[in-house]
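I opened the model to look up a few sites and wrote down what I found. The entries follow in the order of looking.

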Amino acid sequence: MNKIIKKLILCLLIIFSFVFFFQNLIYKTYNNNYVEYSKFITDLTKNKIKEVKIIDKKIDVIKKNNDKYNTYIPINDSKLLDTLLIKNVKIIGNKNNNNNFFLTIFISWVPMILLIGIWIFFIKQIQNGGKNVISFIKSKAKLFKPNQIKVTFKDVAGCEEVKEELREIIDFFKNPDDFIKIGVKIPKGVLMIGPPGTGKTLLAKAVAGESQVSFFSVSGSDFVEMFVGVGASRVRNMFIQAKKFSPCIIFIDELDAVGRQRGSWGGGNNDEREQTLNQILVEMDGFEENPNVIIIAATNRPDILDKALLRPGRFDRKVYIGLPDIKGREKILKVHIKNIITSKNINLSLIARSTSGFSGADLSNLINEAALLTVREKKKKVTMLELEKARDKIIMGVEKKSLLISIKQKELIAFHESGHAIIGCLLPEQDPIHKVSIIPRGNALGITFFLPKTDILSENFKKLESKISTLYGGRIAEEIIYGKHKISTGSYNDIKNATLIARNMITKWGFSKKLGPLLYDNENNNIFNVENDKGKLKFISDATLYIIDQEIKIIIENNYIKAKNLLIKNIDILYSMKEALLKYETLNYEQIKKIMNRKNIYF
Ligand code: ADP
Ligand code: ZN
């Protein structure tokens with residue numbers, strides 16, 4: 001409470017000084033040509049004045065040479081009028097001083113009204129809220145009562161292990177006596193760790209839904225404000241509310257926004273964050289006697305959290321949620337497509353296969369995009385076509401059909417993509433091909449899409465080599481058809497990726513005979529230690545660096561030559577695939593297979 005009054009006084013002081021400053025400023029600009037009264041009288045006696053405008057005690061003067069100034073009448077000068085008349089000066093009364101009138105009102109009244117308004121506002125807030133509820137300080141937590149929560153574990157697909165861990169909390173809420181009788185300690189705080197969009201919020205809500213308890217949802221960043229003390233007040237307030245609505249679950253998203261290690265904040269406003277964090281710790285400790293409130297927090301940066309948060313009695317239970325695997329992705333797709341009208345022959349497992357790295361949120365977005373596309377195309381049902389289009393849009397950006405590409409350029413792109421596709425198909429270790437397209441998207445002029453059969457957890461030497469060959473397939477096709485001197489710059493990304501693979505093979509994965517299975521990589525995982533990255537730790541000698549470069553080059557060259565020989569042997573396929581691409585723009589798996597088997601695809 002003391003703090004609030006202090007803040008109020010500070011606020012008023014600031015407003016006051018602002019008003020005075022402002023008033024002065026206006027006053028000065030308005031009276032910038034002030035001249036002493038005696039000077040005016042001198043001018044008057046010397047016949048230099050043409051016109052005066054008298055407004056109360058102020059006189060706006062225009063001289064005969066059209067100079068202007070103003071002055072003030074110090075005492076009631078009764079002779080002034082006579083003198084003016086004798087000197088033939090044009091006299092104007094104060095009829096035209098509207099400007100001044102409004103200005104006066106503005107200067108004298110608006111700040112007053114403003115001040116009174118603010119005062120009344122604060123007083124009202126204090127009266128309304130009882131002790132310390134000024135809406136500014138009110139917690140921003142959103143409350144969902146049990147009957148408002150429609151989410152249960154059924155809506156969360158995959159992540160069975162996590163559900164299993166959380167089930168304990170549900171059991172506790174349902175039969176607390178059983179737990180208390182035996183003396184089991186129920187976790188106060190559960191920390192969910194995982195990348196964004198993996199369903200942490202959804203899971204927390206589902207726990208509340210399953211347990212039929214209230215759910216408070218708030219984000220760590222909601223606590224962080226400019227003014228010291230506000231965050232802490234919000235935390236206090238939220239816990240007071242939570243106690244009122246217990247049994248309940250408090251969910252704090254982005255815990256790292258407030259829970260970062262104390263002393264590690266770059267930039268200002270540390271006091272505020274530290275106070276907020278301290279308040280969270282205090283509240284959690286004070287919760288010992290109230291077992292009916294459980295806090296679930298989410299973060300994707302557990303490494304930067306203040307250690308105090310992870311101590312027993314606080315967030316001592318950790319649950320990891322990763323990106324979904326193939327099966328998980330298919331399940332999530334199924335959950336989200338439930339309420340959407342689809343054609344019978346959609347193959348969600350294919351979409352799951354081709355969306356490695358997607359989070360639950362991405363997948364939900366994919367389904368939504370597909371539905372939107374269907375509506376836009378005035379179709380009645382979502383088909384595989386829309387699902388694939390939505391996926392490609394998310395992975396590779398929007399198709400740029402309107403991009404103007406000359407016939408010649410198009411032909412080059414068709415050769416380039418065919419080169420990738422053919423090499424990829426001819427090397428058995430490469431993932432199966434999915435499609436080839438010369439429709440530009442995002443930054444790419446064309447794409448060749450390979451599809452792993454399962455999630456890739458690790459690669460082997462042969463497969464990595466095939467990848468490199470396939471990546472160079474595009475450039476090699478250009479080289480064979482147009483000659484060395486006409487190769488385009490379109491292979492930048494291919495070269496970049498291939499070089500990266502080769503470098504990793506040598507420096508990280510131990511695939512070089514000469515260098516052996518050693519780590520030759522100055523990796524620095526500590527993202528806060530940027531300086532270290534520049535002045536890299538030097539534990540690799542220059543001689544070794546030289547060998548590394550040689551070895552990378554050898555890998556690249558070998559696989560380049562291998563791919564080139566393959567493509568030259570199958571040059572007829574290169575031509576026929578180019579033709580097909582120019583005709584259809586996109587080729588699917590079946591079409592590519594036919595071309596590879598030298599069958600006619602034009603029907
Ligand atoms: P996080 O809190 O981890 O960032 P959210 O819980 O906010 O992720 O997930 C965002 C959305 O993604 C959810 O509302 C849901 O539609 C979808 N989603 C994420 N994971 C899953 C899942 N396992 N099952 C079903 N939907 C999911
Ligand atoms: Zn390419």
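Where is the place of Trp109? I found Trp109 in helix α4 (residues 98-129); helices are DSSP runs of H or I, at least four residues, numbered from the N terminus.

The model is predicted, so I kept in mind that local features need pLDDT of at least 70 and side-chain atom pairs pLDDT 80 or more, while totals for chains, interfaces and linings use all residues. Residues are numbered from 1 along each chain as written, chains are lettered from A and ligands numbered from 1 in written order, and side-chain values use heavy atoms, without hydrogens and water.

Trp109 counts as exposed at 53% relative accessibility (exposed is over 50%, buried under 20%, partly exposed in between; 1.4 Å probe, protein chains only). I noted that Trp109, Met112, Ile113, Ile116 and Ile120 make a nonpolar surface patch of about 540 Å² (residues with over 30% relative accessible area and no salt bridge, nonpolar side chains joined within 5 Å).

Next I looked up the zinc ion (ligand 2). Its protein donors are His416 (NE2), His420 (NE2) and Asp494 (OD), at 2.0 to 2.1 Å (donors are N, O and S atoms within 2.8 Å of the metal, or 3.2 Å for Na, K and Ca; water is not among the atoms, so sites may look incomplete). The donor spacing in sequence is H-x3-H-x73-D. His420 in helix α16 (residues 407-426) and Asp494 in helix α18 (residues 492-507) are 74 residues apart. I read His420 as buried at 7% relative accessible area, and Asp494 as buried at 12%.

Methods
Helix = DSSP H or I, 4+ residues; strand = E, 2+ residues; numbered from the N terminus. Patch = residues over 30% accessible without salt bridge, like charges linked within 9 Å, V, L, I, M, F, W, Y side chains within 5 Å. Areas by Shrake-Rupley, 256 points an atom, 1.4 Å probe, with all protein chains shown as cover. Salt bridge = Lys/Arg side-chain N within 4 Å of Asp/Glu carboxyl O.
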